[in-house]
Amino acid sequence: MEALINLTGKTHDEARQGEAYAPLSREAAVFQKRFYIESYGCAMNFADSEVVASILQSNGFGPTKDFEEADLIFLNTCSIREKAEATVRKRLTEFRKLKKQQPGILIGVLGCMAERLKEKFLQEEKLVDLVVGPDAYRSLPGLIEEAETGQKAVNVLLSRDETYADIAPIRLNSNGVNAFVSIMRGCNNMCSFCVVPFTRGRERSRDADSIVNECKDLFANGYREVTLLGQNVDSYHWIASHTVQSGQTGTVADNNQPVTFSMLLERVAQIHPDLRVRFSTSHPKDITDDVLYTIAKYDNICNYIHLPVQSGSSRVLQLMNRTYSREWYIAKVNRIRELIPDCGLSTDMITGFCTETEEDHQQSLSLMEFCKYDLAYMYFYSERPGTLAARRFEDDIPEPIKKRRLQEMVDLHRQHSLQSMQRDVGKRFKVLVEGTSRKSENELYGRNDQNKVVVFPKADLRKGEYVWVTINACTAGTLLGTPDHK
Ligand code: SAM
Ligand code: SF4
Ligand code: F3S
């Protein structure tokens, strides 16, 4: 079993695997054709599905959450681990049955698996009609037309500049409080285990003004939290440009003043003190003091950093091409704790990477002991075809060992996260109300600054409001408290 620990029950990607598209409104009924979209993988993929929905809706397709009444079925897929791909294949076999009954429906595969497998997908999965990579969503309307004539339609071209900056995403399954905002695409790092640089292409940053405007719109529409997304947000870098005066052509840099991630964070934080700002993912080699100072300066930038380490062994980190050592990482964590003392910290970990010894594994455990993460996403290594590791190293750790190490890690982390929860009992936190608790109609849930889920009696509070809650108990994944009176 591949472990996914998501104790706060929120924000990360695979916790929402396979989530389908909820209809936006009754107005959807006026559309002549309907699409259904299911998303897998990371938050960026979920954000992409919102861009796809926007493109489809402006081309006359209405949403449905019932795939049986859809004319178009899309799976926005993930390739990060073998298991992620297997899940999609299994889902496709279910759609195969539907297509037998209704041959007119079109099935499209979007996202990273489409990019990785390209035309091969059409040979492997005969029922698929469209294969569209992450940078080709603008061509969807044309591709759908092509597929409607009975041809197979493919566009997996990667782009150096596509950021979908001008497309207003349609918020899917939204609670009206939290939204993802994509600030960049692709990745220029070459972590040897990772397929993302191949499926998402080169890194590019989105126009800062379009990001700020999207966040302003969200706030104006009642949203109270934005999560700025990128595979490596700390390398965000945007140089403003403007069209030069008549008689000249092209664009020129405006004062050549680049916008860095800390500057962008600041601009988004300044939109309104009631707009909470989160971000993901930070790379230990790139996160700067400027970013930490900016987090410390603004109350509405959440004190929470997801800082994936992957391994606690410098030798393995080098093979992974992470470009930092165990010592460097520890120094970063110390710096975070120095500048933002109450900062929540989470990580990603991989067990059983090529050549990992028991000693390397013990170093991963001891690093976790040092960091005492509030949250950790842990996986055993899954070789991905075409990656540097697949080409250079043998996947030589037997699966039972990978899994045993993973289990040891999960057990250790469970202790840390419980301790972290217990430390909060007796404290008082500002919580953004996100909705009604799944367990009880009479309770609400929200998150505190450090991204921990807090459950408390409903009183007369509503979604999108802030409330101070005093914590009086906890479980491994949830803080339980009493809200202040309004
Ligand atoms: N860009 C982020 C970073 O650098 O940390 C995260 C990228 S990836 C979408 C999310 C996590 O999946 C990684 O941090 C890593 O722990 C895990 N992962 C990536 N490739 C993997 C592989 N081949 N096997 C197991 N886990 C993998
Ligand atoms: Fe993959 Fe590394 Fe890029 Fe993260 S930083 S997406 S792990 S290559
Ligand atoms: Fe994300 Fe999976 Fe692609 S994690 S970037 S959807 S490979």
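Reader: In which loop does Ala 459 lie?
Author: This is a predicted model in which local features need pLDDT of at least 70 and side-chain atom pairs count only at pLDDT 80 or more, while totals for chains, interfaces and linings use all residues; side-chain values use heavy atoms, without hydrogens and water. Residues are numbered from 1 along each chain as its sequence is written, and chains are lettered from A and ligands numbered from 1 in the order in which they are written. Helices (H or I, at least four residues) and strands (E, at least two) are DSSP runs, numbered from the N terminus. Ala 459 lies in the loop between strand E20 (453–457) and strand E21 (466–474).

Reader: What is the phi of Ala 459 near?
Author: Most residues other than glycine have a negative phi. Ala 459 is a residue other than glycine with a positive value, near 45 degrees.

Reader: Is Ala 459 buried or exposed?
Author: Buried means under 20% relative accessible area, exposed over 50%, and partly exposed in between (1.4 Å probe, protein chains only). With a relative accessible area of 61%, Ala 459 is exposed.

Reader: What is the relative accessible area of Asn 173?
Author: Asn 173 is found in the loop between strand E7 (153–155) and strand E8 (178–182), and its phi is also positive, near 45 degrees. Asn 173 is partly exposed, and its relative accessible area is 37%.

Reader: Which residues does a cis peptide bond join, and what is omega?
Author: Most peptide bonds are trans. Thr 281 is in the loop between strand E14 (276–280) and helix H9 (289–297). The cis bond joins Ser 280 and Thr 281, with omega about 15 degrees.
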